Amino acid sequence: MTTQGRLALMLIDLQTRIVDLEFKPRSGREVVATARTLADAYRTAGVPVVVVQVHRPGIPEQPPGSELVDGVLAEGDLLFTKQAIGAFHSGELDTHLRERGIDTLVLAGLVTNMGVESTARAAVDHGYKVHFVEDAMAALTAEEHDHAFRHTFPRFGTITTATEAATLARPS
């Protein structure tokens with residue numbers, strides 16, 4: 001049995017105003033480039049790509065730069081808008097994933113120890129298996145990014161690279 005139909009790539013908070021912040025150990029633009037390449041591999045393999053964006057609640061218009069970076073969202077992707085740090089807060093994301101039979105998430109995006117980590121913790125609480133793509137994430141400091149990958153993420157799932165994560169999408 002392949003993982004297709006059960007696996008999804010989730011790209012978190014790749015919006016202009018976030019991507020353009022100063023990140024370590026790589027820039028937001030480097031994260032986007034790696035995430036795009038990985039997303040293309042998943043789409044080609046027929047594996048779902050979930051794009052998560054954050055909107056600030058309770059304001060009539062989102063701040064400038066709230067749009068997704070060009071090329072992150074493609075036709076056929078599932079777009080989910082969150083209004084909290086983690087994507088599972090409202091419960092809607094879990095419903096959409098379960099309707100598609102997804103039980104494993106490959107996470108990439110910004111910020112490693114904020115939006116990604118919050119989403120990952122809730123994903124595990126909801127029973128999902130999680131893979132963390134180290135070279136498709138960054139944090140505000142190298143120390144925060146490294147801490148997540150050395151201490152936190154190994155307790156919740158599997159650490160991987162974009163090259164390794166691309167192989168997960170291929171039929172076995």
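These are legends for close-up views of a predicted model.

**View 1. The largest pocket and what lines it.**
Start with the largest pocket, which has a volume of about 200 Å³. Its lining is made up of Asp13, Ile18, Leu21, Val54, Lys82, Ala84, Ile85, Leu110, Val111, Met114, Gly115 and Leu140. Sort that lining by class and you get nine nonpolar residues, one polar residue and two charged ones. Keep a few of these names in mind, including Asp13, Ile85, Leu110 and Val111, as they turn up again in other views.

**View 2. A nonpolar patch on the surface.**
Which residues form the nonpolar patch on the surface? They are Leu21, Ile85, Met114 and Leu140, and together they have about 360 Å² of accessible area. Take Ile85 as an example: you'll find it in the loop between β3 (78-82) and α3 (92-99). Is Ile85 buried or exposed? Its relative accessible area is 51%, and the cut-off for exposed is over 50%, so Ile85 counts as exposed.

**View 3. Asp13, a residue with a positive phi.**
Asp13 sits in the loop between β1 (7-12) and α1. Its phi is positive, about 55°, even though Asp13 is not a glycine.

**View 4. A cis peptide bond between Leu110 and Val111.**
Follow the chain from Leu110 to Val111 and you cross a cis peptide bond, with omega near -10°. Val111 belongs to the loop between β4 (104-110) and α4 (112-125).

**View 5. Lys24, with a cis bond and a salt bridge.**
Lys24 has two things to show you here. One is the cis peptide bond that joins Lys24 to Pro25, where omega is about 0°. Pro25 is part of the loop between α1 and α2. The other is a salt bridge between the side chains of Lys24 and Glu22, at 4.0 Å from N to O. How do the two partners compare in accessibility? Glu22 is exposed at 62% relative accessibility, while Lys24 is partly exposed with a relative accessible area of 37%.

Arg26 is buried, with a relative accessible area of 16%. Glu134, at 22% relative accessibility, counts as partly exposed. Why do the two get separate labels? Buried means under 20% relative accessible area, and partly exposed covers the range from there up to the exposed cut-off of 50%.

Asp94 is buried at 13% relative accessibility, whereas Arg98 is partly exposed with a relative accessible area of 44%.

**View 6. A network of salt bridges.**
Which residues are linked in a network of salt bridges? Arg6, Asp103 and Lys129 are. And how many salt bridges does a search of the whole structure find? The count is ten.

**View 7. Spacing in sequence and in space.**
Finish with two pairs of residues. Glu61 and Tyr42 are 19 residues apart in sequence, and their C-alpha atoms are 33 Å apart in space. Glu61 is in the loop between β2 (49-54) and β3, and it is exposed, with a relative accessible area of 65%. Val124 and Phe149 are 25 residues apart in sequence and 16 Å apart in space, again from C-alpha to C-alpha. Val124 belongs to helix α4 and counts as partly exposed at 27% relative accessibility.

Terms used:
Residues are numbered from 1 along each chain as its sequence is written. This is a predicted model: local features need pLDDT of at least 70, side-chain atom pairs count only at pLDDT 80 or more; totals for chains, interfaces and linings use all residues. Side-chain values use heavy atoms; hydrogens and water are left out. On a 1 Å grid over the protein atoms alone, a cavity is a set of points where a 1.4 Å probe fits but cannot get out, and a pocket is an open set with protein on both sides within 12 Å along at least five of seven lines; lining residues have an atom within 4 Å of a point. Grid points are joined across faces, edges and corners, and a volume is the space filled by probe spheres set on the points. Ala, Val, Leu, Ile, Met, Phe, Trp, Tyr, Cys and Pro count as nonpolar, Asp, Glu, Lys and Arg as charged, and the others, Gly among them, as polar. Patches are made of residues with over 30% relative accessible area and no salt bridge: like charges are joined within 9 Å, nonpolar side chains (Val, Leu, Ile, Met, Phe, Trp, Tyr) within 5 Å. Accessible areas come from the Shrake-Rupley method with a 1.4 Å probe; for residues, only the protein chains shown count as cover. Helices (H or I, at least four residues) and strands (E, at least two) are DSSP runs, numbered from the N terminus. Buried means under 20% relative accessible area, exposed over 50%, partly exposed in between (1.4 Å probe, protein chains only).
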